[in-house]
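Guide: Which part would you like to see up close?

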Amino acid sequence: MTAMFSDFDRFAMQRALTLAVRGLETTDPNPRVGCVLAQRGRIVGEGWHERAGEAHAEAAALRAAGALAEGAAVYVTLEPCSHHGRTPPCAQALIAARVARVVYATDDPNPQVSGRGADALRAAGIVVEAGLMAQEAAELNAGFMKRMQQGRPLLRVKLAMSLDGRTALANGESRWITGDAARQDVQHWRARSSAVLTGIGTVLADDPRLDVRLAEEPGTPRRQPLRVVLDTRLRTPPQARLFEAGGGEVLIITAVTAAEDRRVAALTARGARVESLPEIGGRLALPAVLERLGELELNEVLVEAGATLAGALLRAALADELLLYVGPRLLGPGARALVTLPELRRLSEAPQFALIEAQQVGEDLRLRLRPRAAAPD
């Protein structure tokens, strides 16, 4: 039977979602969760999960509510956890506080624990209802959901192009197709990501840093995403800007297996972690790469790479989302293409995408797209 939710229920859950967004750039590898406690249509406590290892949203809201938690209705964006991790289980904390009702947006995505938090609450006599704003809550944690359910992170491929779908002039000049506002916007997408991934071609051609360069709050160091380089033949120069201080950890994934290789030692001396994975046809096996990134508890991975790697991810149906910036200029037919794809013989073979968001950023347009199945012949 579907629960009937009131206008206040929706208001309170929307507030919980707003709180959860405050952890957008900080909770990794944990999910972003917000919680609201209410008595008779009045909010008496609220909280959100700020950082891994710190209080979960429910614990923060209970602390804020104090004695008013008893008999309260609880609105939380994710099913309260029932297992011991870095912090005690939230379901037991709610039971101990003697709340009367728990409304949560979406189930715990971990198949091993999904439903157990709700079951524990019901067994304690607490009214439990689920599904309020489930889609919004799941979207907020799409990467966490995918990792828990499939063992891989959400892969978001960022690209920038001209109006005619080109990324650089024939001579390689590409700065800047998009403007300052778009480049600043990319910094926020990096900040929310568990990792930024690129290929050796981009490292050699552009020497990027791939770190987050946003203002920090006083006394709170900014979390830097892991920077991952796919480098089949281990050609990353030890002097690359990736290794500049303050940028966070660098992981180089290669097919080179000799641990005593002098190149490994040189990169390790610069602070990199070098790991070997299988190759197929002279290139790293991309599914194995994503499975390894899932093992490292990465939820969202932002790919900032060239046409070759971006095209390979699209051909293998491994890209979950495109983040496409379109600059209002034309580069002409001789300029470089957006992605490298095999020549198509029929239009029905073309990868197709659903537009989920379009937003103007400065003078540029930012599109978010997700792959969809090709239309039948």
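Visitor: Please show me the second largest cavity. Which helix gives the largest share of its lining, and how many residues does that helix give?

Guide: Helix H10, residues 286–295, gives the largest share: three residues. This is a predicted model, where local features need pLDDT of at least 70 and side-chain atom pairs need 80 or more, while totals for chains, interfaces and linings use all residues. Residues are numbered from 1 along each chain as its sequence is written, and side-chain values use heavy atoms, without hydrogens or water.

Some terms come first. A helix is a DSSP run of H or I with at least four residues; a strand is a run of E with at least two; both are numbered from the N terminus. A cavity is a set of points, on a 1 Å grid over the protein atoms alone, where a 1.4 Å probe fits but cannot get out. Lining residues have an atom within 4 Å of such a point.

Now the cavity itself. Its volume is about 40 Å³. Volume here means the space filled by probe spheres set on the grid points, which are joined across faces, edges and corners. The lining consists of Leu155, Leu197, Leu230, Leu286, Val289, Leu290, Val303 and Leu313. By class, that makes eight nonpolar residues, no polar ones and no charged ones. Ala, Val, Leu, Ile, Met, Phe, Trp, Tyr, Cys and Pro count as nonpolar; Asp, Glu, Lys and Arg count as charged; the others, Gly among them, count as polar.

Compare the largest cavity. The whole structure has two cavities of 30 Å³ or more, and the largest holds about 80 Å³. Its lining has 17 residues, with Asp28, Asn30, Arg32, Asn299 and Glu300 nearest the centre. Here the classes are five nonpolar, six polar and six charged. Helix H6, residues 142–150, gives the most to this lining, with three residues.

Go back to Leu155, one of the residues lining the second largest cavity. Leu155 is also in contact (heavy atoms within 4.5 Å) with Glu321. Glu321 lies in strand E15, residues 321–326. Glu321 is buried, with a relative accessible area of 0%. Buried means under 20%, found with a 1.4 Å probe on protein chains only. The side chains of Glu321 and Arg156 are joined by a polar contact of 2.9 Å. Such a contact is a pair of N or O atoms within 3.5 Å; within protein, one must be able to donate a hydrogen and the other to accept it, and residues adjacent in sequence count only if both atoms are side-chain atoms.

Terms used
On a 1 Å grid over the protein atoms alone, a cavity is a set of points where a 1.4 Å probe fits but cannot get out, and a pocket is an open set with protein on both sides within 12 Å along at least five of seven lines; lining residues have an atom within 4 Å of a point. Buried means under 20% relative accessible area, exposed over 50%, partly exposed in between (1.4 Å probe, protein chains only). Lists of a residue's contacts leave out its neighbours within four places in sequence.
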